[in-house]
Amino acid sequence: MLWDVDGTVVDASDGILRRLKIALEHFGKPAPTRAELVHWIGPPMFESFQKNVSMTPAEATEAVAYYRVIGKADGYTTGAKLYPGIAELIADLDAAGIPQATASSKPEIQVSALMEYFDLAPHLQAIAGATPDEKTLASKADIVAEALRRLRAAGADTSRPVLIGDRHHDVEGGAAHGVPVIFVRWGFSWPHESEGAAAAVETTAELRALLLLDEE
Ligand SMILES: [Mg+2]
């Protein structure tokens, strides 16, 4: 079981949006509205700075670095919340013997900090995220491959993987490795983004029913 983090397990949007606004203002880009900005959450920031506000790759590199500096100063867990029912579900899946890992486009150091902070790390066999430059290991497909590799290295059976995610790049990243995606609608997607997912759920109760079939 692979978990996307932002928008799926953790809602860190308050801090992310605050930092994005500061970074965009710093680089003289008009800050989009909050409603637009939430859709930045999930895909690699290096891509979003280029795609959403027309930065060159060099400018985007600088913007990501600046954004990361503010993030470090803020603290990686400040203002972050778990979505209701998620911690219990991850603990119960662990108790049911299902190996789990993160597969996040967030820098791995931040993913680790969040998983420790919310006490989820003991339930995970691997924590995979992006490299700090968001380039060496950045695309969801690369991170999915790395998460599966680490699960296998930890002795887990990865013959029937599933990725839980909230954005189109989760669906695409999973598809690149034949990993079906369960799309969660409580994150930061536009409505059409679940296209191509194996299933879509509105609530953690629905997700639980899909994942732990022997319960209800
Ligand atoms: Mg996400």
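Helices (H or I, at least four residues) and strands (E, at least two) are DSSP runs, numbered from the N terminus. This is a predicted model, in which local features need pLDDT of at least 70 and side-chain atom pairs count only at pLDDT 80 or more, while totals for chains, interfaces and linings use all residues. Residue numbers start from 1 along each chain as its sequence is written.

Figure 1. The C-alpha trace spans about 55 × 35 × 30 Å along its principal axes. Of the 216 residues, 40% count as buried (20 or more other C-beta atoms within 10 Å of the residue's own, with C-beta atoms placed from the backbone).

Figure 2. G174 counts as buried because it has 28 C-beta neighbours inside 10 Å. Leaving aside residues up to four places away in sequence, G174 touches V144, L163, V179, P180 and V181 (contact: C-beta atoms, placed from the backbone, within 7 Å). W3 lies 171 residues from G174 along the chain, and their C-alpha atoms are separated by 11 Å.

**Figure 3. Close-up of helix α5 (residues 86-95) and helix α9 (residues 204-211).** Their axes come within 10 Å and cross at roughly 10° (lines fitted to C-alpha atoms over the stretch in contact, with angles from 0 to 180 degrees between N-to-C directions). The crossing therefore makes α5 roughly parallel to α9 (angles under 35 degrees). I86, L89 and L93 in α5 meet T204, L207, R208 and L211 in α9.

Methods: Buried ≥ 20, exposed ≤ 12 C-beta atoms within 10 Å, placed from the backbone. Contact = placed C-beta atoms within 7 Å. Parallel < 35°, antiparallel > 145°, perpendicular 65-115°, else oblique.
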